[in-house]
Amino acid sequence: MHGKGVHHAVLYRLLGAYAVIVVDSIHKSFGKVRAVRGVSFEAPDGKITGLLGPNGAGKSTTLRVLYTVLRPDEGRATIDGQDVVKDSLEARRCIGALPHGAGLYPHLTARENIAYYARLCGLDNGAIDDRVEHLVRLLEIDDFADRRTKGFSQGQRTKVSIARSLVHNPKNVILDEPSNGLDVMATRSLRDLIMKLKEAGHCVLFSSHVMQEVAALCDDIVIIANGKVAIDDSADGIRERTGCDDLEDAFVRAIEMVEPA
Amino acid sequence: MRTLLTVFAKEVVDNFRDRRTLATALLMGPLFGPMLFAFVINLSIERSLDDVDRTLELPVIGQQHAPNLMAYLNSHNIDVVDGPDTREAAVQAVTGGQNDVIVIVPEAFGEQLAENVPAKVELISDQANTQAERDARRVRTALHSYSQEIAGIRLVARGVSPTILRPINVDEIDVSTPSGRSAMLLGMMSYFFIFALLMGGMYLAIDTTAGERERGSLEPLLSLPVTRDQLMFGKIAATCLFMAVSLLLSLCSFYVALKFMPLEQLGMTPNFSPTVVVAAFFVLAPFVLLGAALMTLVASFTKSYKEAQTWISIVLVAPTLPILIVSILTLRPQLEFMFIPSLSQHLLLVDMIKNEPVNLLHVAISASSTLAIGALLTWICARLYRREGLLG
């Protein structure tokens, strides 16, 4: 009727309550460095949640626990009800992740890079081509889809990496600093993409250290500093609670509220 | 299984497009061995042919005192030429390296010979110089046999049989076959094969952990809904394929190279027929898994591509150790050796090249122990692929 997007959105509404990311007071240390000290939040379905914080706040560590490459020392996290430690394989089925600084295989074309992940995710040979084609169009990478990724610009690389992480049509999308190193145009198209994902009913969780970017996109903002959650609210809610009209001031105020590690 | 095959196929395509991997796997390993080998063989052939056929120019002072001796030397492929004028000049010439060996026949030579007193001949050479010493040895041998000949004539003149001078007759029986002689030199071939085999998989092994990590493609890969064991096994399988291809190519290139080496002139006829090429491939094949797993394991502990390369170059040398130890101690092949990877392959290969019957029990032990160690290392690799430290 209105294309795939709407169809998926309806489907996800029906799946309902479970399509969420729940983080329950997770802790993670690397040696003596306590990177995350009890972070809790929820990222609901069909919404965009922004993880905001200065460099070294624990954003990446939190996200890495969610896409199961790190195990939390304490606490638990679930994705659509699947525990990231106990049912890590099932949890991974429900997420598409773009790790920080994700790299591509330089000797494969953009299309081959995406198809490789599709095959790894167990898509049928027939379905792979359709899926790759769909993602190529969704992310507008037609122009360079058949070129080897060696020498791609940061923007091109990010697009292909995101396409790659969406091959298995995950309900939840986790993006770690996706706008890093992107120019104005690339940032814009990334923003459009995130909106598209939201409209398609995905739960989008992404991290950033740029307040304006998060404010422009997110329904919910989780500000992290020193491995703890400072504030978890909407942009307006954050303004109200910090008493700052300017978002940047609010961000700084919120960070100051957390005691150092 | 599907995941494993997918990873395998992708790694093969990816690496076939990588010129560096392709060059090391399919060119360097297979070419390096035969080329170095051909160089060494040709050098030693040149040297040894030199010795027998070359006419030696021998400066002699006082030729006029011993015309018969001069004729004898000339008939033994030693060209007598005029030497320096004085004894001092002769010593100078040998010390300075202008001449390797100079003979001085004193004036009294003929007289002493006639009177049956030992006739003095001086031979000036530098015994510390091995190269020069080979010429000196030829002259010494010629002089000695001339002396023997005269002794024989003297005895005959007195009605005594010359055999009295030979109370013992040493009859040397050399049981080494031409193939056997080849084995000594060709023994080092087995290392070339192992080297080529390891080179073939080096870059893939590094890529599995350090390479993927450095490129930033490891985390996205690990966040996919696949088990890490499958990823690891697929990667090791691809590494094995490149190693096997590299091994096969290096066996074939040796087969071709040996055709152009005049080994018969060295008294060697290595048994390196197409059958042996095929048999050698299967004897060495179990080492492929072990090598792949070992290199992957080593690389997984390193922080970067560069560091991995450094450590793996040590792995490239490691298989020589057991071979070296056994050949230094000149140990005979025993059953126990067949449990040691690289050594067992080496010994079996040497047997085949020597054209000796190959003990099938040995082959079985070699293959199964090498495969078992390879499987164990692969399992350890898979375990390590699960740990967090992998992400660096």
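The model is predicted: local features need pLDDT of at least 70, side-chain atom pairs count only at pLDDT 80 or more, and totals for chains, interfaces and linings use all residues. Residues are numbered from 1 along each chain as its sequence is written, while chains are lettered from A and ligands numbered from 1 in the order in which they are written. The model scores ipTM 0.88 and pTM 0.78.

**Chain B**

The mean for chain B is 85, and 94% of its residues reach 70 or more. Switch to a cartoon view to see 14 helices and four strands; these are DSSP runs numbered from the N terminus (helices H or I, at least four residues; strands E, at least two).

**The interface**

Next, display both chains. In contact (C-beta atoms, placed from the backbone, within 7 Å) are 27 residues of chain A and 20 residues of chain B. On the chain A side, select α3 (88–93), α4 (110–120) and α6 (154–165), each of which supplies at least two residues. Helix α4(A) gives the most, with four residues.

**The nonpolar cores**

Now select A:Ile114, A:Ile223 and B:Leu197, the residues with the most contacts inside the largest nonpolar core, which has 141 residues. Such a core is a set of buried Ala, Val, Leu, Ile, Met, Phe, Trp, Tyr and Cys residues joined through C-beta atoms within 7 Å. A residue is buried if 20 or more other C-beta atoms lie within 10 Å of its own, exposed if 12 or fewer, and partly exposed in between. Helix α7 (residues 178–215) of chain B contributes the largest share of this core, 15 residues. A second, separate core of 18 residues includes B:Val94 and B:Ile104.

**A loop residue**

Finally, select B:Asn359, in the loop between α13 (343–353) and α14 (360–385) of chain B. B:Asn359 counts as partly exposed because it has 16 C-beta neighbours inside 10 Å. Its C-alpha atom is separated by 8.4 Å from that of B:Leu348, eleven residues apart along the chain.

Key: Contact = placed C-beta atoms within 7 Å. pLDDT = per-residue confidence, 0-100.
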